[in-house]
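Please read this briefing beside the sequence and the 3D structure.

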Amino acid sequence: MYLYLSSYLIGNQGNKLADLARGKTALLVSNALDFSNDSARLKSGREREITRLAELGIPSEPLDLRDYFASQHALSDKLTEAGMLWVVGGNTFLLRKAMHLSGLDQLIHDKVDDDHFLYGGYSAGVCVLSASLRGIHLADMPEAQSVGYEHPAIWEGLGIIDYYIVPHYRCNHFESESMEAVVDFYRDHNLSYQTISDGEVIIEETHHSEQVGAGDAEEAV
C-alpha cells in the first residue's frame with residue numbers, strides 16, 4: 001500500500017499523487033468532521049476536495065462511513081473497486097471511531113501488502129495511522145461526539161506506520177501552536193515522530209513487516 005500523507009490539503013506533491021492515483025477513484029472520507037452541524041460548510045468542503053482532486057485528474061466520490069456502521073461487509077468490495085482513499089482532517093478521535101464502527105480499520109490493514117492500493121489524506125487522516133492517538137489528544141478532543149458515535153474514545157491508532165506525525169507544524173494553521181505540546185509529548189515519552197508543515201507531504205510504501213502494534217505504543221506511553 002502506498003501512503004500519501006499531507007499536513008493540509010493536497011500539499012506540494014500533487015503530481016506524485018496524480019501518478020499514484022492513476023486508474024483509481026478516490027473515496028472521500030470526511031467523517032473526522034462529523035462533529036459539525038453546519039451542513040452548508042460541510043458540503044462546500046466536500047466539493048472543494050472533489051474539485052482539487054479532479055484538477056489532478058483523480059475522479060472521486062464521497063464515502064460516508066456512517067452508512068456502513070450496520071453493514072460492514074458491504075464496504076470491502078467498494079474499497080477494492082475504487083483502489084484509493086482520501087481521508088480529510090478534523091477530529092482524529094471521531095475518525096478513529098468511524099473507521100472502527102464501519103470496519104474500515106480492518107480493511108485498511110488487509111490492504112497493507114496491496115501494491116495497487118493508495119491511502120492518502122491529511123491532518124487527522126494521517127495521525128490516525130500511528131499506533132496510538134496519545135499525543136495528538138493535546139490538539140484534538142477525545143470526547144468529541146456525534147449522532148451514531150455512542151462509543152468510548154479509542155486510543156489505539158491503526159498502527160500502519162511506526163512513528164507519529166505532527167501536522168501543521170510551525171505554520172499559519174490555527175492548530176499550529178497546539179502542535180508544540182504534541183511534539184513535547186513525543187519527546188518526553190521517547191517516541192519517534194516526524195513534523196510536517198502545511199504544504200509538506202510524506203510518501204512511502206508500507207508492508208505488514210513494517211507495522212507496529214498499538215500495544216507497543218501504549219506501553220511506551
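Asn190 is exposed, with a relative accessible area of 72%; exposed means over 50%, buried under 20%, and partly exposed in between, using a 1.4 Å probe and protein chains only. This is a predicted model, in which local features need pLDDT of at least 70, side-chain atom pairs count only at pLDDT 80 or more, and totals for chains, interfaces and linings use all residues. Residues are numbered from 1 along each chain as its sequence is written, and side-chain values use heavy atoms, with hydrogens and water left out.

**Confidence**
- The mean pLDDT of the chain is 91, and 94% of its residues reach 70 or more; pLDDT is the predictor's confidence in each residue, from 0 to 100.
- Over residues 209-221 pLDDT stays under 50, and the model has 28 contacts for them beyond four places in sequence; contact means heavy atoms within 4.5 Å.

**Two residues with positive phi**
- Most residues other than glycine have a negative phi.
- Asn190 has a positive phi near 55° and sits in the loop between α7 (178-188) and β7 (193-195).
- Helices (H or I, at least four residues) and strands (E, at least two) are DSSP runs, numbered from the N terminus.
- Ser123 is not a glycine either, and its phi is positive at about 55°.
- Ser123 lies in the loop between β5 and α6, and it counts as buried because its relative accessibility is 8%.

**The sheet**
- An open sheet of 6 strands has the order β3-β2-β4-β5-β1-β8, with mixed pairing; two strands pair if DSSP finds at least two bridges between them.
- Its edge strands are β3 (60-62) and β8 (201-205), each of which pairs on one side only.
- From one strand to the next, the twist averages 20°.
- Strand β4 (residues 83-87) is mostly covered, with 5 of its 5 residues buried.
- β4 pairs with β2 (residues 25-29) in the parallel sense over 5 bridges, and Leu28 stands opposite Trp86 in β4.
- β4 also runs parallel to β5 (residues 118-122), to which 4 bridges join it; the bridge partner of Leu85 in β5 is Tyr119.
- β1 and β5 run parallel and are joined by 5 bridges, and Tyr2 stands opposite Leu118 in β5.

**Helices**
- Helix α3 lies across β2, β3 and β4 and runs at about 100° to β4; axes are lines fitted to C-alpha atoms, for helices over the stretch in contact, and angles run from 0 to 180 degrees between N-to-C directions.
- Ser102 belongs to helix α4 (residues 92-102) and counts as buried because its relative accessibility is 0%.
- Leaving aside neighbours within four places in sequence, Ser102 is in contact with Leu65, Tyr68, Phe69, Gln72 and Leu75.

**Nonpolar cores**
- The largest nonpolar core has 37 residues, and those with the most contacts inside it include Leu5, Leu85, Met99 and Tyr119; such a core is a set of buried Ala, Val, Leu, Ile, Met, Phe, Trp, Tyr and Cys residues joined through side-chain atoms within 4.5 Å.
- Elements that give two or more residues to this core include β1 (2-6), β2, α3 (73-82) and β4.
- Its largest share, 4 residues, comes from α4.
- Apart from this core lies another, of 16 residues, among them Leu9, Ala26, Trp86 and Tyr122.
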